[in-house]
Amino acid sequence: MRRKFQQGARSGRDLRVRLILAGLALVAALAGAWGLINVRAIAIYNEGTHTLSANVRQAQNPQADPASIKALQDQAEHLFAQVERPGLLILPQTRQAAQANRAANAALTSSTERLFKKQKADKARDGQNGSGKGSSSGLTERQEAEVEDLLKRSQQQSEPSASPTPTGKASDNKGQGQNVKPW
């Protein structure tokens with residue numbers, strides 16, 4: 001009888017140890033997932049900050065094209081929105097910094113839009129005066145339309161697609177312009 005009692009106590013202790021270990025493993029897994037979410041958010045935040053800095057430098061250039069600046073600003077806005085997506089799971093410092101940069105990007109976007117509207121009005125006024133010089137950037141209207149078309153296509157290609165990319169041989173992607181390296 002004493003032997004049965006010892007086995008029962010032993011199995012009860014083993015069960016408690018297993019439950020404690022399982023609980024600790026669960027806590028460790030949750031902490032790891034939380035850490036990965038924050039590392040990813042910080043990486044996206046850094047990319048968005050880099051894009052915003054490039055936008056500010058480009059916006060200060062009087063020769064810069066407002067349409068390309070707008071495209072980069074949309075990209076930065078998308079990146080800062082991605083940072084904030086996990087909500088309360090990200091560190092407060094990261095969330096606050098992303099919100100501040102998002103506000104700065106919005107201010108830059110509004111000033112760029114005003115500049116773009118002013119340039120359009122100036123072009124329309126120049127066109128009515130019959131100057132025939134073309135735009136201030138030295139491009140004809142046709143060339144500007146081609147550049148804007150290229151920018152739009154480039155932006156559409158750079159946006160991530162909602163559907164997963166099919167996997168397969170490298171020859172499956174021929175002619176699609178994906179994974180084309182300039183060297």
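In the protein chain, residues 24 or more positions apart account for 66% of the contacts with a separation of 6 or more. The model is predicted. Its secondary structure comes to 4 helices and 0 strands, and the pattern read along the sequence is α-α-α-α. Of the 183 residues of the chain, 16% count as buried. The chain exposes about 14,100 Å², and carbon and sulfur atoms supply 57% of that area.

The largest nonpolar core has 11 residues, namely A41, I44, Y45, L52, A76, L79, F80, V83, I90, A98 and L108. Helix 1, helix 2 and helix 3 are the elements that give two or more residues to this core. In soluble globular proteins, nonpolar side chains tend to be buried together.

Two members of the core, Y45 and F80, carry aromatic rings that pair with each other. The structure holds 1 aromatic pair. The ring centres of Y45 and F80 are 6.2 Å apart and the planes stand at 55°; because edge-to-face pairs require an angle over 60 degrees and stacked pairs one under 30 degrees, this pair is classed as tilted. Y45 lies in helix 1 and F80 in helix 2, so the pair ties together parts of the chain that are 35 residues apart in sequence. F80 is buried, with a relative accessible area of 0%. Y45 has a relative accessibility of 18% and also counts as buried, because the limit for that class is under 20%. Apart from neighbours within four places in sequence, F80 is in contact with Y45, G48, T49, L52, A98, N101 and R102.

N55, in helix 1 (residues 2–60), is buried, with a relative accessible area of 0%. When residues up to four places away in sequence are not counted, N55 touches I69, L72, Q73, A76, N105 and L108.

Charged side chains form 5 salt bridges in the model. Within helix 2 (residues 66–84), K70 and D74 are 4 residues apart, which means that about one helical turn separates them. The closest N and O atoms of this salt bridge are 3.0 Å apart. K70 counts as partly exposed at 27% relative accessibility, and D74 is partly exposed with a relative accessible area of 30%.

K70 has a further salt-bridge partner in E113, with the closest N and O atoms 3.5 Å apart. This pair links distant parts of the chain, with E113 in helix 3 and K70 in helix 2, 43 residues apart. E113 counts as partly exposed, at 35% relative accessibility.

R102 forms a salt bridge with E77, in which the closest N and O atoms are 2.6 Å apart. R102 lies in helix 3 and E77 in helix 2, so this pair ties together parts that are 25 residues apart in sequence. The relative accessible area of R102 is 26%, and R102 is partly exposed; E77 is likewise partly exposed, with a relative accessible area of 26%. Salt bridges that share partners join K70, D74 and E113 into one network. R102 is also one of the residues in contact with F80.

Another arginine, R95, is found in helix 3 (residues 92–129). R95 touches E84, G87, L88 and I90, not counting residues up to four places away in sequence. The C-alpha atoms of R95 and V83 are 7.3 Å apart in space, while the two residues are 12 apart in sequence.

V17, I20, L21 and L24 make a nonpolar surface patch of about 400 Å². Of these, L21 is placed in helix 1 and counts as exposed at 53% relative accessibility, because the exposed class begins over 50%.

Technical notes. Residues are numbered from 1 along each chain as its sequence is written. This is a predicted model: local features need pLDDT of at least 70, side-chain atom pairs count only at pLDDT 80 or more; totals for chains, interfaces and linings use all residues. Side-chain values use heavy atoms; hydrogens and water are left out. Contact means heavy atoms within 4.5 Å. Buried means under 20% relative accessible area, exposed over 50%, partly exposed in between (1.4 Å probe, protein chains only). Patches are made of residues with over 30% relative accessible area and no salt bridge: like charges are joined within 9 Å, nonpolar side chains (Val, Leu, Ile, Met, Phe, Trp, Tyr) within 5 Å. Accessible areas come from the Shrake-Rupley method with a 1.4 Å probe; for residues, only the protein chains shown count as cover. A salt bridge is a side-chain nitrogen of Lys or Arg within 4 Å of a carboxyl oxygen of Asp or Glu. A nonpolar core is a set of buried Ala, Val, Leu, Ile, Met, Phe, Trp, Tyr and Cys residues joined through side-chain atoms within 4.5 Å. Rings of Phe, Tyr and Trp (its six-membered ring) pair if their centres lie within 6.5 Å; planes under 30 degrees apart count as stacked, over 60 as edge-to-face and the rest as tilted.
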